[in-house]
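Hi everyone, thanks for coming.

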Amino acid sequence: MSMIRWATLFSSDYQDWPTPDDLFRILDAEFHFTLDACATPTNAKCEHYYTVLDDGLSQDWGAQRVWVNPPYDDTRAWLAKGHKSAQAGALVVCLIAARTDNRAWHDYAMSASEIRFLRGRLRFGNARNTAPFPSAIVIFRPSNAPDEQLSLF
């Protein structure tokens, strides 16, 4: 059974792993999110959220404070959207796999305002095991936002 769960973390078979509640609470206390841009009705972390049917990538995020835990097979598109939305006034915080060797990381994460590497491996939802990869929080601040001193994990 656990081998099947691990296999799904590396594949696109299961894409809506819920954000760990403890991690979200810490980040929400800091950023006060108003939108979960990539959610399902059962794992949404904010009152206002977009599902796959809403297509959060095509929505205007405006000047909201946006939480994004994207499907890991499409991280590039979500990082690109976060980067572009921050330039238009949104604050965007993304939970992604810390895959520093891929193009999305270099094209978008490296241009973020801040990157926080998480210690250890996250356990998503009710998965039996932790994720087989390290995670990072990538923060895109609005272009017009003042610099803030933030604590690191």
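This is a predicted model: local features need pLDDT of at least 70, side-chain atom pairs count only at pLDDT 80 or more; totals for chains, interfaces and linings use all residues.

Residues are numbered from 1 along each chain as its sequence is written, and side-chain values use heavy atoms, with hydrogens and water left out.

Okay, the overall picture. The chain has 4 helices and 5 strands, and starting at the N terminus the order reads α-α-β-β-α-β-α-β-β. Those are DSSP runs numbered from the N terminus, with helices being H or I of at least four residues and strands being E of at least two. There are 153 residues in the chain, and 44% of them are buried. If you take contacts between residues at least 6 apart in sequence, 66% join residues at least 24 apart; contact here means heavy atoms within 4.5 Å. The accessible surface comes to about 8,500 Å², and carbon and sulfur atoms own 50% of that. Those areas come from the Shrake-Rupley method with a 1.4 Å probe, and for residues only the protein chains shown count as cover.

Back to arginine 141, then. What does its side chain meet in a salt bridge? That would be glutamate 114, at 3.4 Å from N to O. Glutamate 114 sits in strand β4 and arginine 141 in the segment after β5 (135-140), so this pair ties together parts 27 residues apart in sequence. Glutamate 114 is buried too, at 14% relative accessible area. The rule for a salt bridge is a side-chain nitrogen of Lys or Arg within 4 Å of a carboxyl oxygen of Asp or Glu, and the count by that rule is 6.

Next up is arginine 116, which has a salt bridge with glutamate 30, where the closest N and O atoms are 2.8 Å apart. This one links distant parts of the chain: arginine 116 is in strand β4 and glutamate 30 is in helix α2, 86 residues apart. Arginine 116 is buried at 2% relative accessibility, whereas glutamate 30 is partly exposed at 25%.

One more bridge: lysine 45 and aspartate 21 meet at 2.3 Å, N to O. Lysine 45 is in the loop between β1 (35-36) and β2 (65-68), and aspartate 21 is in helix α2 (residues 21-31), so the pair ties together parts 24 residues apart in sequence. Aspartate 21 counts as partly exposed, at 44% relative accessibility.

Now for a lysine without a partner. Lysine 81, in helix α3, is buried yet has no salt bridge, and the nearest side chain of opposite charge, aspartate 60, is 5.9 Å away. For charges, Lys and Arg count as positive, Asp and Glu as negative, and His and the chain ends are not counted. So what does the charged end of lysine 81 sit over? The ring of tryptophan 61, 5.2 Å from its centre. To qualify, NZ of Lys or CZ of Arg has to be within 6 Å of the ring centre and within 35 degrees of the ring normal. Arginine 99 also has its charged end over a ring, that of phenylalanine 133, 5.0 Å from the centre.

Staying in helix α3 (residues 75-87), we find serine 85. Serine 85 is buried at 7% relative accessible area, and beyond residues up to four places away in sequence, it touches Trp61, Gly62, Ala90 and Val92.

Last topic, rings. The whole structure holds 7 aromatic pairs. Rings of Phe, Tyr and Trp (its six-membered ring) pair if their centres lie within 6.5 Å; planes under 30 degrees apart are stacked, over 60 edge-to-face, and the rest tilted. Tryptophan 105 and phenylalanine 117 have ring centres 5.8 Å apart and planes at 35 degrees, so that pair is tilted. Elsewhere, Phe24, Phe31, Phe33 and Trp67 form one aromatic cluster.

Terms used
Buried means under 20% relative accessible area, exposed over 50%, partly exposed in between (1.4 Å probe, protein chains only).
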